[in-house]
Amino acid sequence: MDEQAGTSVESVFREERGRLLASLVRRFGDLDLAEEVTSDAIEAALVHWPVDGVPAKPGAWLLTTARRKAVDRLRRDQAYAARLAVLQVDVDRADPAPPHADGELPDERLQLFFTCSHPALAEDDRIALTLRCLGGLTTPEVARAFLVPPATMAQRIVRAKKKIRQARIPFRTPSIDELPERLPGVLQVIYSVFTEGYAASSGPDLQRVDLAVEAIRLARILRGLLPDQREISGLLALMLLVHARRDTRTDSSGGIVLLEDQDRECWDRSMIEEGSDLVVVALTGGAPGPYGVQAAIAALHDEATDVESTDWPQICALYGVLLTLTPSPVVAVNRAVAVAMRDGAAVGLAALDALSEEPKLADYHPYHLARGELLARLGRTDAAVSAYQRALNVVGSEPERAFLERRLAETTPDRE
Amino acid sequence: MKYMLLIYTAPGGDTEPQCTFEDWQLYDKEMKDAGVWVSGDALADLSTTTTVRVSQSGEKTVTDGPFAETREILGGYDVIDVPDLDAALAWAARCPGARDGGSVEVRPLAGFGD
């Protein structure tokens, strides 16, 4: 296959895989079977398309092929077919399949989003399943993304699929009155993928750009499917506005560069523009949601020409709103850091010290790092050193460790 | 699809307001009216429990009390027949036993034998 054909086939698969899988799960009510025949159909496409050319309706071609493979498999395995038939009767009775015109695939990925993020599944399983089914990552790729052995990830995915099948987690879109309860879970899964991409929880690299990009792609799909849900716009805005700084967050050797030292000329302007527009969407027409507020904070950072001219009072106010929406010690830490920028290090430090009893912050290295920074700024070197040391004890990735060690080294020479 | 709702009550000594008898009556009636109720009952007081074990050699041991001391106590169960887990979870959420620090465990019955 020549390179161009290869690229176009790949992009077709990327676009169509989730859609195809969703459609097949909907039809057969079985994620395993759907995955298997999706792979079969893509394999068949890899054989035929380079020779015959990419068909006019690649999605329909793949669906027809996959359905044929599914029927073949069900013929081979009668017991399996009988069990599926029982499931299928119920599914049809509950929700007859919508007719669809001239081979166009109905987009059933929304159901797949809600199935993969069902609260009855363990949180890690939800992330794995979403990446596998909607992101189209292979099991070894998902394993690599989360730095676990492929066998562990395979087990996790098998376990999740088994629960979906045996406990009969339905493949459906929640009704409008259920959405407020279920949508945050879907958004959380996407955001978890992003945050792992933004700051890897362990390993040699600070960022996993592939994961961040995948999270943004998933949020775009979800927004297309549920355009009226403003928190999806908020989440997409947040991720774009943060991801816009990706190239300046590390130096040429992979070391951390703080916000105040980043070359703002190199921030991704088109992402910032798109993100800022989405913030307006997210915050217009009703009470703000937590992602919209966080996106607004990110937008204020991105739009400032430097740290000094950043609108810290506004950022502090937004963190105050965020705290009422999602009271959490981590948000309180961020607010305290913003307060330090607005009112000075001593006031910020007092706000941080007020959180010292929070058990969740004991192992949260950014808390100890923030204390270290403010203590150092106030000239309290000994206290700063011990705060940096506490942060070092619980730090995640290698670049974060290196950054802390550098800070510690910079602080120590001042000691008597 | 049949699901068993295992209703656990909060640990003893909890003085928070508990559901009334009428709440339970209403819940039972709602399940029956909806046609999802298969079977169910409340269990007698935990102090009436006796546990039986049989060893590999066939020796029988009878002891007072439940098998394991847990913080929550199994107080009753219902078996319902609904299309999927979401429907079962919705019924579990309406159960008075899910409130006041209690919880309801939802387990599908292994109907297909796999």
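Predicted model: local features only at pLDDT ≥ 70, side-chain atom pairs only at ≥ 80, totals over all residues.

Biologist: How many residues of chain A and chain B are in contact?

Modeller: In this model, 11 residues of chain A are in contact with 10 residues of chain B. The two chains bury about 980 Å² between them, with 57% of it on carbon and sulfur atoms.

Biologist: How many salt bridges does the rule find across the interface?

Modeller: The rule finds 2 salt bridges between chain A and chain B. One of them joins R172(A) to D86(B), whose closest N and O atoms are 2.8 Å apart; the cut-off is 4 Å. The side of chain A that touches chain B comprises 5 nonpolar, 2 polar and 4 charged residues.

Biologist: How many aromatic pairs does the structure hold over all chains?

Modeller: Over all chains there are 6 aromatic pairs. Planes under 30 degrees apart count as stacked. The planes of F194(A) and Y198(A) are at 15°, with ring centres 6.5 Å apart, so this pair is stacked. Both residues belong to helix α9 of chain A, 4 residues apart, about one turn of the helix. F194(A) is buried at 2% relative accessibility, whereas Y198(A) is partly exposed at 30%.

Biologist: Which pair is tilted?

Modeller: Y27(B) and W91(B) form a tilted pair, because their planes are at 55° and their ring centres 6.4 Å apart. Y27(B) lies in helix α1 and W91(B) in helix α2 of chain B, so the pair ties together parts 64 residues apart in sequence. Both Y27(B) and W91(B) are buried.

Key
Residues numbered from 1 in each chain as written. Chains lettered and ligands numbered in written order. Heavy atoms only, no water. Contact = heavy atoms within 4.5 Å. Buried area = accessible area lost by both parts, 1.4 Å probe. Salt bridge = Lys/Arg side-chain N within 4 Å of Asp/Glu carboxyl O. Nonpolar A, V, L, I, M, F, W, Y, C, P; charged D, E, K, R; others polar. Phe/Tyr/Trp six-rings, centres within 6.5 Å; stacked < 30°, edge-to-face > 60°. Helix = DSSP H or I, 4+ residues; strand = E, 2+ residues; numbered from the N terminus. Buried < 20%, exposed > 50% of the residue type's maximum accessible area, 1.4 Å probe, protein only.
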